[in-house]
Amino acid sequence: MKTFKGYRRANGSIGVRNHIIVINTVGELAGLTKKLANLVPGVIPVVHQAGQSQYPEDSAQTIKTLAGTAGHANVSAALFLGMGSNDPADEIVETLKKDGHHVHSILFDKDKSIIECLDEGRTWLENALEQSKKQKTEKADVSELIIGLECGGSDAWSGITANPSIGVFSDSIVADGGTSILAETTEAVGAEHILANRAVNSEVADRFLEIVRRYEQRAKAVGENIKAANPSPGNKTGGLTTLEEKSLGCIKKGGNSTLMEVIDYAYSPTKKGFVFMDTPGYDVESVVGLVAGGAQIVLFSTGKGSPTGSPIAPVIKIGTNPKLYKNMPEHIDVNAGKIIDQNYTIDQIGEEIYSKVMQVANGEVTASEKYNNQEFSIWRLAETQ
Amino acid sequence: MNKKFNALQLDKRDNVAVVLETVRFGQLISVQDEMKNVNASTTIPYGHKVALVFIPKGEEVIKYGECMGIATADIAIGDHVHVSNVRGLTEKDKRFRKEEINFENI
Amino acid sequence: MNYSFEGFKREDGTAGTRNYVAIVSSVICSSAVVREISEKVSGAIPIVHANGCAQLGNDFTLTRNMLVGVSSNPNIHSALLVGLGCETNQVSGLLKHAPKTKPIKGIGIQQLAGGTNTIQKGISIAETWAKEATEQERTILSLSSLTVGILNVDADEDSLEKIGPIIGSVIDRLIENNAKVIMGLSKTLEPAGHLLSERMIDATEKEKAIRFSMGLQRMRWGNPALVDEDTEFTEEETKLAMLELKMTGTSTINSVLDYGEIPKENGLHMINVSSNVVESLSKMASSGCNIVLIVSNRGVLTGSIALPCLTITPKNEMSSYNELIDYTLKGSNIQEESERIIEELLKVCSGKQTQLEMLELGEFSIPHLGTTY
C-alpha cells in the first residue's frame, strides 16, 4: 500500500501543497493582484487576462477554471479580487464556502479607496498564511491522488522513452486505485479509434470521438488540416512514419488502462481510474485545465526542454533524451533518456516516475517549483467582445 | 544493469522495434529483455524502426501494441520500416477496427 | 498655439515619451525568465503574455505582429526578445519583422541550455542598453512626432454627453498639429459604423464599417461557424454610440488598423479593440502609440506597461477609483477644456508620471481571434 502525507481539506480532498493564493476575476485587476501578492511574501498570485467582455462559453470556462483553482486541494486559502457590479467573485466564493473552502472576496468599488482594499486584502492573506502554517499533514492513500499527464516541447524520443514510461506509471497508479487524466485532444487526432476502443462503454467512446472530431473541424475552419499536415517532415526525419504512430506516442502516456470517462476542460473526474480531459495542445492552458479539474500533481514529458509549471501544483518534468538532461538538468526531474544511453527499461523508468510522484506528494520540490514557474492561462474559445 | 541492448520493443505484441542508435548494414540489433537479435539490412537512423519479423504486404505494422499503419510492401526481418514501405490508416481501416469493439466483454 | 514636448528622439523620426528597455517573451513559456531579467535591470519592463504557441492562422499573425509592434514602439529604447526554442512564434521570425532602427536582440532558453543561463545572458545585454537609455536626454520635439491613443472605457451616457465633444476637439487639434491619433473602435462605437464610414477614404474599410454597424461580429466557434452575426445592437447601444461618435472629432479617418499595424501617415486612424482594457491598451502600444488618453467615468485599474495612460473623467459624484484619475473636467467650455487636456497630455509626454504609473499598474496582453489548438 503506497501512502503519502498530505493536507486534508474540509470537503475531504487531500492536498500535496498548502498554498495561499490571490486570484483576479477580470483582466483589469491583474496589476493589483500581483501588487497585493507582493505585499505578503509566500502568497502566490494567480493572474490572467480573461473574464472581461467574453461570450458565455468563455465566461463559463473562466469561472469554472477560477473556482477549480481556488477550491483545489493544494490550496489552503484563496482570496478573490473583483470589481464592479456584475463581478462573479462573490458568487464563486459563496459556492466554494459551502464546500468548506477557506476563501474570501474583495470587490473594488466606489465606496472604498484602492489602498483600503489592498489593506483589507493584506490582512486577510496574512491571517490565512498564519493559519496555514498550523495545518498538520496526515497519512493518505495513493488512491486519493489525481495525476495529470501532459507533454510539451516534444521530440523524436518523446513517444519512445518518456511517454511510454509515463504510461507504465499511469497503469500502475490506476491499478492501485488512483486516477490519471490524459489531456490534449489535438494530439489524439489520428489515434482516436484506439482510445475509443479502450472506452468502458459506447457512451464514453462516442463522447471521445466527438471531441476529437470537433477539434479537427475547428482547425479546418481556419484552413488547417491536422491529418494532412502530420506527421510533419521533421517528424518523418525523426522516424515517425504515420499520423497514427505520432498520436500513439502522445496518448501512450495513458498506458493501456480502460478509459473510464471523458471530461470537459477544468471539470473534475467523477470516476477513478484512467480518464481523458478535453484540452488544447497548448501546454500551459492544458495544465491549468488539468489542475483546475483536481490534479494534485502533473507529469510533463519534454524533449526540447520546457520550464513551465503551475501556480499551485507541482509539475514533474520527464526528459526524453540524455542530451537534454546533460544540457538542462535544472529543468528535468526524471531522466527517461537513461533508456537510450544506460539501458534502463521503460518499466524501470515507470517505477522511477512512481517513486518521484510519491516523493513530490510528500513535499519534495520539483524543478518548476524551484524556479517559480507559475504560468497560468485559461483556454479561450472565442474572441473577446 | 540489464543485458546491453540497442533497440526497444515498446510492447510485446510489436513487430517493429525502435533503434536507440544509428545502425549500419549488417550490424546486430539487440532488443531489451527478449533474446531477440536481428541484423540490419540497411542503415537505420536512431529513433527509426526496424522489422523484428517478416511483415507481408497488406499486414498491420504494430508499435505500442497497436496498429500504426499497413505495410505497402513485403518487409523482411532487419528492414528499415518507414514511409517507403508503410502507409497510414484510412477511415475504412479504422471502421473495420471499430466494429471489433465489443463492449460486453469489458 | 505652438505645441511641443520633451521626448526621446528616435532614428526613424518618431519620439518616445518614455525610454524603456523591453524584455519581450515570444511565448508564455519564457515569461518567468523575462520577469526575472526585467526585475534585475532598472529601466527594463517585462512584455509578457499568454500566447505564442499552438496558434493558427490570423490568431497567430496577430500575436506575432503585436510583439513586433510593441518592440518597435517609440517608448522602447531597445528590445530583448526571449524565446523558449520550440514555440510556434519563433524569435527568429520576430527578428525578421522587427525594425532595424534600434538595438534588438533575441535569445532562447533551449539554445542557452536553461533558464539560469538565459537570465544571466539577458541581464548582461539589458544592462548595457539600460545604461545607454539612462544617458539619453530628452529634447524639445513637436507634436508631429506623437501618436496619441484614445480609449473609451465604460463611459456612460451622462459622461459621454459631457466629455465627448471635448475629446473630439482634442483630437481635431492634435491632428491640426500633425500628430497621429489612434481611436479605439470597440463594440460601443461600432453601431455608429455607417456614420464613421462617411469619413473614411478606403472603399473596403467603408464597406466594413457599414457592416459592423449592423451587429456584433466576433470570431467564435462552437458549431464551428466562426462569425457570430446574430446579435444586433440594441437601441440603447446605438444611442450611446452616437454620443461616442462625437468623441472622434471631425477629421477624415485615414485607416482602420488591425493586426499590430502601425499607421504610416499622420491624421486620424481607428483601431479595432475589445472591451478588455489591457488587451486594447496593448493593441495601441503595438500600433505605435506613445501615450493613451483613457476616457471614462471612473478610474481604470490597469494601464499599459509600455505607455503612460492619462485617465480623464467628467465631474461625477458617483465616480470610483478616484485615486487613479489624472484629470477631471473643470468646466464645459470646449475650447478651454481641450486646451487644458492637451497641456496635461504634453506634461505627461515630457515625463510627468500618471497615477497608474505611480502605482506601477501596467500590463500587456494579446487578444485571441478564436481558439488555441
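## Two domains in chain C

The centres of domain 1 and domain 2 of chain C lie 28 Å apart, taken over C-alpha atoms. This is a predicted model. The domain assignment of chain C places domain 1 at 20-135. Domain 2 covers 143-355.

The two domains of chain C touch. On one side, 16 residues of domain 1 take part, and they are in contact with 13 residues of domain 2. Which elements give two or more residues to the domain 1 side? They are strand E3 (20-25), strand E4 (44-47) and helix H2 (57-72) of chain C. H2(C) gives the most, with eight residues. By class, the domain 1 side that touches domain 2 in chain C has 10 nonpolar and six polar residues. It has no charged residues.

## How the chains meet

Two pairs of chains are in contact. Of these, chains A and C share the most contacts. Chain B and chain C do not touch. Their nearest C-alpha atoms are 19 Å apart.

Chain A also meets chain B. Here 26 residues of chain A are in contact with 30 residues of chain B. On the chain A side, the elements that give two or more residues are helix H6 (192-197), helix H7 (202-221), H10 and helix H13 (338-341). H10(A) supplies the largest share of that side, four residues. What classes of residue make up the side of chain A that touches chain B? There are 11 nonpolar, 11 polar and four charged residues.

Look for A:Thr242 in the loop between helix H9 (233-237) and helix H10 (243-251) of chain A. Is this residue buried or exposed? A:Thr242 is buried, because 26 other C-beta atoms lie within 10 Å, and the cut-off for buried is 20 or more.

What does A:Thr242 touch, not counting residues up to four places away in sequence? In chain A, the contact is A:Pro231. In chain B, the contacts are B:Met68, B:Gly69, B:Val86 and B:Gly88. So this loop residue of chain A has contacts in chain B as well as in chain A, and it is buried.

Now compare a residue elsewhere in chain A. A:Lys134 is 108 residues away from A:Thr242 along the chain. The C-alpha atoms of these two residues are separated by 55 Å.

Definitions and conventions:
Residues numbered from 1 in each chain as written. Chains lettered and ligands numbered in written order. Predicted model: local features only at pLDDT ≥ 70, side-chain atom pairs only at ≥ 80, totals over all residues. Domains from an automatic or database assignment. Contact = placed C-beta atoms within 7 Å. Nonpolar A, V, L, I, M, F, W, Y, C, P; charged D, E, K, R; others polar. Buried ≥ 20, exposed ≤ 12 C-beta atoms within 10 Å, placed from the backbone.
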